[in-house]
Every structure is written in structure tokens, then in C-alpha cells.
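Here are my notes on the model you sent. Please read them with the structure open.

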Amino acid sequence: MGVQCGISRIQLISDGSVVYAEALWDHVTMDDQELGFKAGDVIEVVDATNKEWWWGRIMDSEGWFPASFVRLRVNQDEPMDDYLAHLEEPQTGQEDHKGLGLFLGPGLPCKEQMRTNVINEIMSTERDYIKHLKDICEGYIKQCRKRTDMFTEEQLRTIFGNIEEIYRFQRKFLKGLEKKFNKEQPHLSEIGCCFLEHQTDFQIYSEYCNNHPNACVQLSKLMKVNKYVFFFEACRLLQKMIDISLDGFLLTPVQKICKYPLQLAELLKYTNPQHRDYKDVEAALNAMKNVARLINERKRRLENIDKIAQWQSSIEDWEGEDVLSRSSDLIFSGEMTKLSQPQAKSQQRMFFLFDHQMVYCKKDLLRRDMLYYKGRMDMDHMEVIDVEDGKEKDFNTSVKNTLKLRSLAGDEVHLLCAKKPEQKQRWLRAFADERRQVQHDRETGFSLTEVQKKQAMLNACKSHPAGKPKAVTRPYYDFLLRQKHPSLPTALPQQQVFMLAEPKRKTSTFWHNIGRLTPFKK
């Protein structure tokens, strides 16, 4: 339904009608021919003749943008601002009511009709989603289990994760929605309570999203063998599924959990505060935002571990355990002067603050893109102290723009000196962010599996064969700056993007907040 609706609206553009789309993801661009925007921005679509790139307008800015970064609005015929303001105002007299009735004309009031549209879209996409899950469980998993000569249970668990558990939950959730859905008058439906009732159940998506990168790796290996390619295609044809590859189907739960907040936000927009469903929809929106935020953050962290492993493999003279044994995110990095007891010798070092630990390295005198491992600090047993400019007592020396790291046992003390006051403040914020992240991970139970750690380090070792120099090269610097989003499966047709998958995006800055501080630029 959503795709057909989208196609009809694209036809409206060619007919000269004004069509609006809402941004699903940020589009960051340095190209003056492209239109940059943030998730949630409303874009006027001017030209949609190209499947992948549309021409759009926001305020006075125009440019190209990826079609798959947006979704066309459910309600294109937005009511006038004056009318919406009128709806929100308390009615004081009979004449007002008459005037409003004339304004609205015959049939449902505009806002109620728009609420109807959103409710119908939620119900329609939910039913479509259940069919996708059923196709995966019955069309793929069921057939795979019959072929014990091709698949082990461990392989199937890696590829499909807990999608069967998600399918069982979503069926139960849809039944709840159907009970609250008013077929005769959809705008009167009260579905907010369904999301609130199951808000903790949605957390099962976290396991699926955490496993999804492993599923992609495992599936990619199998798809290099022809018999698996033919087998999966036979499964799809036998189940009479649409022409999308298995990796496209496996991405649907990741996208679905992120789409709920968008749908609920639109539903809240067209729900009057006096409506019996208003408070529940408002609470449901906040609940689903929290769920999606948690899952997105975990997904981002898992996508970063390969980058961290490759970074470690580029460091010369590495000692001790791998970074991934305790950490999964680079929070901040930069150059500072280090003084440590007992020598109190001034040393210029490059610092990399991860969750739980901070690694410091020395730059090569000739090759400034080469780093040598010099040590690390256990942030779980360190306190960070803001040191005033002037005489520092422990080191008996004058300091400026300095902070102190002291072990809780008191047997380890370091002074770190930044070049500018603003750099010192940025480091203080970074240390506070690190502690908050560690606490958040503890509360939400986030951790890397041993399989994920080993796979990341194995991939990194393959990228640095023995005998080749390990200095950080320009291609790796570019690699660090890439965006985090996974690319869309190549077999996925463009018209399915609205429902099924996160979009391709052009290469742009990755970790842009620390890119300018990294030592990899020559």
C-alpha cells in the first residue's frame, strides 16, 4: 500500500502538484549541488523522475538528495495553518461552531481525515510486515532446517537471529492493534495503549540488531557458493515472495523498529489533545523513541568494532590485551603533553579515549602517520581532576590548560596538558561522556560477544599481511571518515526502499567530531 501510494504521489509531481517528503535520516553533504537536511525535515519534492536522486527544496535551498533518505508524507493535503490553530483553540460560541462547520465542508473534518490516513497506514504496514516475517520463517528457516547437510543450527542462529521470536511477538502485537482498530471510524481508534503495553517486549529487537552484522558476514560467505545461491532463490520462489534477496528481507526488522517513532509522531500530530488516545500516543512515542535510540546506538557501536580492530593493527609495538577485550567505542582523541611520576618528564603523546580505557601513542619522528604504542590507562580506576593554571603541587611545576588523572589507589598520577583552554574543556567533557557511556552500558547490558571480537581482529589481521608496513595509510584514513550506515542490498528494487531497507549514501565524513584531531593526515 505504501509503495503504491508513493508511486501515485510521484505522478502528482509531474502533474504540477506540490508534494512533500519527510527526511528519515540526516543527509550531510559538502557538494553544493546536493540538498543537506536532518532527520525530520520536510522537503518539497520538485523533480522525482530519477529513481535514486530527487530534486527538492527546503526554504531557499535547492538540490539533489537520495530518494531513499525520505518518505513521502501520508497526508499531502495539509490543512491550512489557520485552521489547525483554530482547532486547538477552545470554542466559545455557537457561531464559532457554525463557522467551523462551513470551513470544513462535508464529510470528516480535515484533521480527523488525516488521523484516519495515518491509522490506516500503521495497520497496513503492520500487516505487510507480518507477511514478511512469515515468509522468512516459513519460506527460508523451515526449508533450511530440512537440509542438515547444508546448514548447522549454529549457522541458522547466526543468519536469522531471534527472528522467530520477533514473529511470534509481532503476531500478538498485531492482534492487539486489530482489537483497538475501529474499522468504521478509524480516526476514533485508540492504539497508543498497545505500544505502551508491549514497550518492554520491543527490546527483543536489540538482540536481533546486535546479531545482524554477524548474519551479514555469515550469509556473505555462503553466497559465494553457488549451491547456496540457488537454494535461497528456490526458497523464495517456492514461498512466492517478492523479488528481494534474503539479506534485504533480514534488514526489515532493523528498519521496522526505527520506523515506529516516525509513525507515532505523525499520529500524534493529527490527534487532538481532547482525543481519548492523545496521552497514550504521546507516551508511546517517547517509549518507542527510547527503544529505537538504544538499538541504533548498539548498532552503531557494533559497526565500529572493525574500525577499532583495524586501528589497533596499524599501531607499532602493541603490547597487552586487545582494545576490544574491554572497549567498543572511540569517544575522543587528540594530542596532549603528558607528565607522569616519578620521572615527571614532558612527553608529547597522541591519546585515544575509549570506553573503559585510554591508549596513548608516540608519533614517528620521520613518518608522522606512524604511531608506536606507549601505554594505556584504566579509566575504571581513574579520577579526572581539573587543575588550575599555576603551580601544581604533586609535580612541583607550573602548568597551564592541564588536567590530572589519578588512580583511585593513589599509586599512579598523570598530568595532561592541552595547547588551548577550549581543548582542555573538550577533554573534560569527553571524560565525563566516557563515564556516562560505561554506566549506560552497564544498565542496558550492552557487551560484545567473544565471536564478534575475534572476527573483528581476524579481519584486521587479514588487512595487514605479514611483511607489509603497518603505518596508517591514506585509504585507511578515508575509511575512518566514512559514514556508519550499511549499504542497501544491490538486489533490492528502488520502489521497495520505503518499507524495507536503510539507504545507500554517498561517502561522507565519519567520526567527523574527531576526524580533525586524528594523526592520520599527512
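**Notes on the predicted model**

1. Start at the end of helix 13. Gly-445 follows this helix, and its phi is positive, near 75°. Keep in mind throughout that the model is predicted.

2. Now the helix itself. Helix 13 covers residues 421–444, 24 residues in total. From first C-alpha to last it reaches 35 Å, close to the 34 Å expected at 1.5 Å a residue.

3. Which residues of helix 13 are buried? They are Lys-424, Trp-427, Leu-428, Ala-430, Phe-431, Glu-434, Gln-437, Val-438 and Asp-441. An α-helix has 3.6 residues a turn, so residues three or four places apart point the same way. Check the list with that spacing in mind.

4. Next, a helix pair. Two packed helices are described by the angle between their axes and the distance between the axes. Helix 8 (residues 204–222) packs with helix 11 (residues 252–269) at an angle of about 135°, and their axes are 9 Å apart. The two are therefore oblique to each other. Their crossing is left-handed.

5. Who makes that contact? Helix 8 supplies Tyr-205, Tyr-208, Cys-209 and His-212. Helix 11 supplies Pro-253, Val-254 and Ile-257. By class, the contact of helix 8 with helix 11 has six nonpolar residues, one polar and no charged ones.

6. Last, a lysine. Is Lys-111 buried or exposed? Lys-111 lies in helix 4, residues 110–146. Its relative accessible area is 4%, and buried means under 20%, so Lys-111 is buried. Lys-111 and Thr-271 are 160 residues apart in sequence, yet 7.6 Å apart in space, C-alpha to C-alpha.

Key. Residues are numbered from 1 along each chain as its sequence is written. This is a predicted model: local features need pLDDT of at least 70, side-chain atom pairs count only at pLDDT 80 or more; totals for chains, interfaces and linings use all residues. Side-chain values use heavy atoms; hydrogens and water are left out. Helices (H or I, at least four residues) and strands (E, at least two) are DSSP runs, numbered from the N terminus. The expected span of a helix is 1.5 Å times one less than its number of residues. Buried means under 20% relative accessible area, exposed over 50%, partly exposed in between (1.4 Å probe, protein chains only). Axes are lines fitted to C-alpha atoms, for helices over the stretch in contact, and angles run from 0 to 180 degrees between N-to-C directions. Angles under 35 degrees count as roughly parallel, over 145 as roughly antiparallel, 65 to 115 as roughly perpendicular and the rest as oblique. A crossing is left-handed if the near helix is turned anticlockwise from the far one by less than a right angle, and right-handed if clockwise. Contact means heavy atoms within 4.5 Å. Ala, Val, Leu, Ile, Met, Phe, Trp, Tyr, Cys and Pro count as nonpolar, Asp, Glu, Lys and Arg as charged, and the others, Gly among them, as polar.
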